[in-house]
Every structure is written in structure tokens, then in C-alpha cells.
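Reader: I would like to learn how to read the features of a fold one at a time, with the general idea stated before the particular case. Where shall we begin?

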Amino acid sequence: MIDVSRSGQWTLGDRTVHRIGYGAMQLAGPGVFGPPKDRAAAVALLREAVEAGVNHIDTSDFYGPHITNEIIREALAPYPDSLTIVTKVGALRGREGEWLPAMKPAQLVASVHDNLRNLGVDVLDVVNLRMMGDVHAPKEGSIEREFTALAELQQQGLIRHLGISNATLTQVHEARRMAPIVCVQNHYNLVHRVDDALIDELNALQIAYVPFFPLGGFSPLQSDRLAAVAKHLDETPMQVALAWLLQRSPNILLIPGTSSVAHLRQNLEAATVELPTEVLEDLEAIGKTTA
């Protein structure tokens with residue numbers, strides 16, 4: 001039986017979560033747009049995740065749009081007290097599924113209300129301001145106007161805790177001057193290590209770091225070497241990559257996403273993977289391989 005609690009725990013404000021959660025992005029249709037092929041299967045997957053001990057789900061109302069949150073509500077409401085749902089605002093979807101910035105204060109307010117309605121809650125546990133930047137890469141620029149709008153919604157009681165996503169170090173510092181943040185969600189993995197110093201700084205501040213794209217940006221050689229390490233351990237490459245993240249720093253929370261129950265179980269089993277010192281050294285070497 002899968003024991004997600006072996007991944008350890010961390011806090012998101014007043015919420016305590018296991019360090020392996022679930023990212024709901026893939027519950028929508030292809031390209032995170034439109035309905036899934038099998039809605040009943042998506043509902044069943046969510047229920048299995050929670051039954052396995054997952055108590056941290058990452059979502060957004062622009063997944064689908066609206067569809068992912070509607071599926072979460074159908075599958076899990078009324079929500080267990082132990083479940084923390086983290087959402088994000090700052091984008092919307094075009095008619096063809098394109099990702100468009102939605103950073104004006106009025107748009108952020110509307111997005112928060114969309115999340116409240118489609119999740120079926122009166123208050124959102126955590127809301128991340130998702131900076132669009134270069135879509136998957138941060139870009140410098142003040143976030144005062146945008147983050148202030150969310151801080152005001154928090155003061156109104158519609159949001160418990162705030163976070164920031166796809167952000168630079170400067171933006172993280174700027175956000176913290178305006179309101180407390182409980183998490184930072186950025187692109188980070190074994191080979192994409194730009195945020196190493198930020199992770200350590202956040203750990204000292206007891207702030208969670210939530211990496212996305214745990215296998216994104218690997219070169220073919222890096223992927224081959226990771227696969228070889230995984231084969232030696234009799235684990236999947238994804239399990240090894242997730243286990244490395246868990247051992248990298250105690251404030252790292254994982255949100256691997258999938259629409260497959262089999263892959264869900266494999267991802268959750270990363271909680272039990274212990275990487276010995278020599279394997280960690282091999283993985284560090286992979287991270288330095290660029291060819």
C-alpha cells in the first residue's frame with residue numbers, strides 16, 4: 001500500500017501537507033483545454049489520490065478553463081478538513097486554447113471568484129499570483145499592482161494564504177514586503193537549477209518551494225543517463241527525479257500531474273525511494289551535463 005506520509009510534511013501557512021501532492025493540470029483535455037476524454041476516470045483518479053494520502057492539490061480555474069476545478073468539486077466535495085487546494089490566477093485561455101495574460105486587478109478579482117464558484121468554497125486555501133513573463137520563464141518587473149489586488153482579497157477573507165509563481169528573486173522579495181507568502185512555484189528540476197539559492201533562502205524562512213516541470217528541459221544525454229540510474233535502482237526515471245527533489249531540501253513540495261492511475265501510483269511511490277550517496281553524486285553529475 002502506498003504511504004505518501006513517508007515523503008514528510010511541510011506547512012502552507014496554517015495548513016500541513018504531505019510533501020508529495022497532485023497537480024491537476026492534466027485532468028483537462030489535450031493542451032489543458034476542453035474536457036477530458038473520460039471524466040469519470042478523472043473523478044476516480046482524484047478520489048484514489050486522496051485515499052492514498054494526498055492532501056495537497058494544485059489547480060487553476062484557467063485549466064480547461066473551469067473544467068479541472070469542476071472535476072475536483074465533483075470528485076471531492078465536501079472536502080476533507082485535511083485537504084489543501086492551491087490555485088493560481090494571472091492567465092486566461094483564448095478561443096484556440098492560447099495562454100493569455102490576465103494580470104489587471106479586475107481580472108485577478110474575477111479569477112478568484114471563478115475559483116471560489118467552481119471549486120464550491122467560500123474561501124481559497126492558497127492563491128498563487130502566476131506571473132506570465134515568458135510563459136514558462138520569469139521576467140523582471142514590479143508586481144506591486146497585481147499582488148496588492150490579491151492582498152486586498154485576502155483581507156476581505158476570500159483567500160487564506162498567498163504565494164507567487166514563475167517569479168524572479170526580486171519579485172519574491174517584493175511580494176514579501178506587501179504580504180506574507182507561503183509558497184513559491186517555479187520551474188526547477190535536476191538539470192534546471194537556477195533557483196538553488198532561492199530554495200535555500202526560502203527554507204530558512206520556512207516558505208515552501210513547489211517546482212513544476214520535474215523532467216522539463218532535459219537534453220537527450222541527460223535523459224539517457226537518468227534512465228540508466230533509474231534502471232539500476234529498479235525505479236522509473238520520474239520516481240528518481242521526484243526522489244531527488246525530496247532529498248534536495250525539506251521545503252520542496254511536489255505536485256506531479258497525470259491522468260493515468262498507474263502513473264499516479266508510480267509518482268506517489270517516490271515517497272519511499274531513498275537515494276544513497278553514490279546515486280546522489282551520479283545525479284549531480286547528470287545535472288552538470290549539457291551535451
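**Helices in contact**

Author: In H2, the residues Asn69, Glu70, Ile72 and Arg73 meet Asn115, Arg117, Asn118 and Leu119 of H3, where contact means heavy atoms within 4.5 Å, and helices (H or I, at least four residues) and strands (E, at least two) are DSSP runs numbered from the N terminus. By class, this contact of H2 with H3 has two nonpolar, three polar and three charged residues; Ala, Val, Leu, Ile, Met, Phe, Trp, Tyr, Cys and Pro count as nonpolar, Asp, Glu, Lys and Arg as charged, and the others, Gly among them, as polar. This is a predicted model, in which local features need pLDDT of at least 70 and side-chain atom pairs count only at pLDDT 80 or more, while totals for chains, interfaces and linings use all residues. Residues are numbered from 1 along each chain as its sequence is written, and side-chain values use heavy atoms, with hydrogens and water left out.

Reader: At what angle do the axes of H2 and H3 cross?

Author: Two packed helices are described by the angle between their axes and the distance between the axes. Here the axes of H2 (residues 67-76) and H3 (residues 105-119) cross at roughly 35° and come within 8 Å; axes are lines fitted to C-alpha atoms, for helices over the stretch in contact, and angles run from 0 to 180 degrees between N-to-C directions.

Reader: In what order do the strands of the sheet lie, and is the pairing parallel or antiparallel?

Author: Strands of a sheet pair through backbone hydrogen bonds, either parallel or antiparallel. In this model seven strands form an open sheet in the order E3-E4-E5-E8-E9-E10-E11, with parallel pairing; two strands pair if DSSP finds at least two bridges between them. E3 (22-23) and E11 (208-212) stand at the edges with a single partner strand each, so one side of each is left without a neighbour in the sheet. Three bridges join E4 (residues 56-58) to E5 (residues 84-89), and His56 stands opposite Thr84 in E5. Helix H5 (residues 169-178) lies across E9 (159-165) and E10 (181-187), running at about 165° to E10.

Reader: What is the volume of the largest pocket, and which residues are the closest to its centre?

Author: Rolling a probe the size of a water molecule over the atoms shows where empty space is left. On a 1 Å grid over the protein atoms alone, a cavity is a set of points where a 1.4 Å probe fits but cannot get out, whereas a pocket is an open set with protein on both sides within 12 Å along at least five of seven lines, and lining residues have an atom within 4 Å of a point. The largest pocket has a volume of about 520 Å³, a volume being the space filled by probe spheres set on the points, which are joined across faces, edges and corners. Of its 26 lining residues, Met25, Tyr63, Phe212, Phe213 and Ile255 are the closest to the centre. The lining divides into 17 nonpolar, six polar and three charged residues, and its largest share, three residues, comes from H8.
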